[in-house]
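Please read this briefing alongside the sequence and the model.

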Amino acid sequence: MSIVVTGATGALGRLVVDELLNRIPADRLAVVVRNKEKAADLAERGVDVRIADYDDAASLADVFHAGDRVLLISGSEVGRRVPQHTAVIDAATSAGVAQLAYTGILGGPEADFELAAEHKVTEQAILDSGLPYTFLRNGWYHENYTGNLGVVLEHDAVVGSAGEGRIASAARADYAAAAAVVLTEDGHLGRVYELSGDTAWSLAEYAAEVGAQAGREVAYAEVPAEAHLSILTGAGVPEGFAALLVDVDAAISRGRLAATDGDLSRLIGRPTTPVAQAIAAALA
């Protein structure tokens, strides 16, 4: 029996692998990746590297074995994720894995924004498969915002259309730690975890914190949804993805990403990383 992580060379996958290697021997860990070269360092550490592609169902036929505990990290290609995830679920079902953990989105079936649609379909497909499952419904990452600090400081403004809505984000590493826990400990089968940060903040508060740490005034510029879309597309964001981001801000304004239920901190056994710490790391 192995613990198997799909999408292991992505931003979240790398962190999950690091967490797992702190918990289990490398020879108990396998990763499923598209590019062997990107996982060469993992192979050197003794991890079993299995090559497959979400878009090629046949390539997934032998990557899982009976009794494996599998983490399906959701694909990054919005609009293609349902068939991609279905291929992984089918392969896991055929193999008879002991657990399929899935990184979905905060709110699950109650999430009423477009970016959640494929996650909801995937969760239902896992339920329909009959596989033992664990749903990790991840909230927003700090890095969704701190990764854009260069643009923020260029204009001394955080631009959005989320109003006074609040965001209970956490560090990507926090979510990775939670995934490692449910894969290596018992008692998580059939469980659904709504994962979010301990504290919710508004974009105005975020802008103020960035300004305080950067030593300059940074404001939150609230704009109508139509203007927000134009700003994003004008900055080179593809229109379809820009529309999803604007839709997310609308969801934030409705409180859909503000839940602070504490599942994440309870799973990892410590408080979640404060957004101020993530800002400091990005500015360093």
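The points below are grouped by topic, after a short note on the basis of the values.

This is a predicted model, in which local features need pLDDT of at least 70, side-chain atom pairs count only at pLDDT 80 or more, and totals for chains, interfaces and linings use all residues. Residues are numbered from 1 along each chain as its sequence is written, and side-chain values use heavy atoms, with hydrogens and water left out. Helices (H or I, at least four residues) and strands (E, at least two) are DSSP runs, numbered from the N terminus.

- All five of the five residues of strand β2 (residues 29–33) are buried, so the strand is largely enclosed by the rest of the structure. Buried means under 20% relative accessible area, exposed over 50%, and partly exposed in between (1.4 Å probe, protein chains only).
- Leu-29, Val-31 and Val-33 lie on one side of β2, Ala-30 and Val-32 on the other, and both faces are covered.
- β2 pairs with strand β1 (residues 3–6) in the parallel sense over four bridges; two strands pair if DSSP finds at least two bridges between them. Thr-6 stands opposite Val-32 of β2.
- Strand β3 (residues 48–51) also runs parallel to β2, joined by four bridges. Here Asp-48 in β3 is the bridge partner of Ala-30.
- A right-handed β-α-β unit is made by β1, helix α1 (residues 11–21) and β2. A crossover is right-handed if, with the strands pointing away from the viewer, the path from the first strand over the helix to the second runs clockwise.

**Helix α4**

- Helix α4 (residues 117–129) has 13 residues, which at 1.5 Å a residue should span 18 Å; the end C-alpha atoms are 19 Å apart, which agrees. The expected span is 1.5 Å times one less than the number of residues.
- Glu-118, His-119, Thr-122, Glu-123 and Ile-126 are buried in α4. Seen down the helix axis, the buried residues of α4 fall within an arc of 140 degrees, so they line one face; the arc is that of the directions from the axis to the C-beta atoms.
- The cover over these buried residues includes α3 (81–95), β5 (99–105) and β6 (133–138).
- Gly-130 follows α4 and has a positive phi, near 80 degrees.

**Helix α8**

- The twelve residues of helix α8 (residues 203–214) should span 16 Å at 1.5 Å a residue, and the end C-alpha atoms are 16 Å apart, which agrees.
- Buried in α8 are Leu-203, Tyr-206, Ala-207, Val-210 and Gly-211. Their arc, viewed down the axis of α8, is within 135 degrees, so they line one face of the helix.
- After α8 comes Gly-215, with a positive phi near 75 degrees.

**Aromatic cluster**

- Tyr-206 also forms one aromatic cluster with Tyr-145 and Trp-201. Rings of Phe, Tyr and Trp (its six-membered ring) pair if their centres lie within 6.5 Å.
- Five aromatic pairs are found in a search of the whole structure.

- Val-192 belongs to strand β9 (residues 191–195) and counts as partly exposed at 33% relative accessibility.
- Leaving aside neighbours within four places in sequence, Val-192 is in contact (heavy atoms within 4.5 Å) with Tyr-133, Phe-135, Arg-137 and Asp-263. Val-192 and Arg-137 are 55 residues apart in sequence and 7.4 Å apart in space, C-alpha to C-alpha.
- Asp-156 is in the loop between α6 (149–155) and β7 (157–160), and at 30% relative accessibility counts as partly exposed.
- The phi of Asp-156 is positive, near 50 degrees, in a residue other than glycine. Most residues other than glycine have a negative phi.

Conventions: Phe/Tyr/Trp six-rings, centres within 6.5 Å; stacked < 30°, edge-to-face > 60°.
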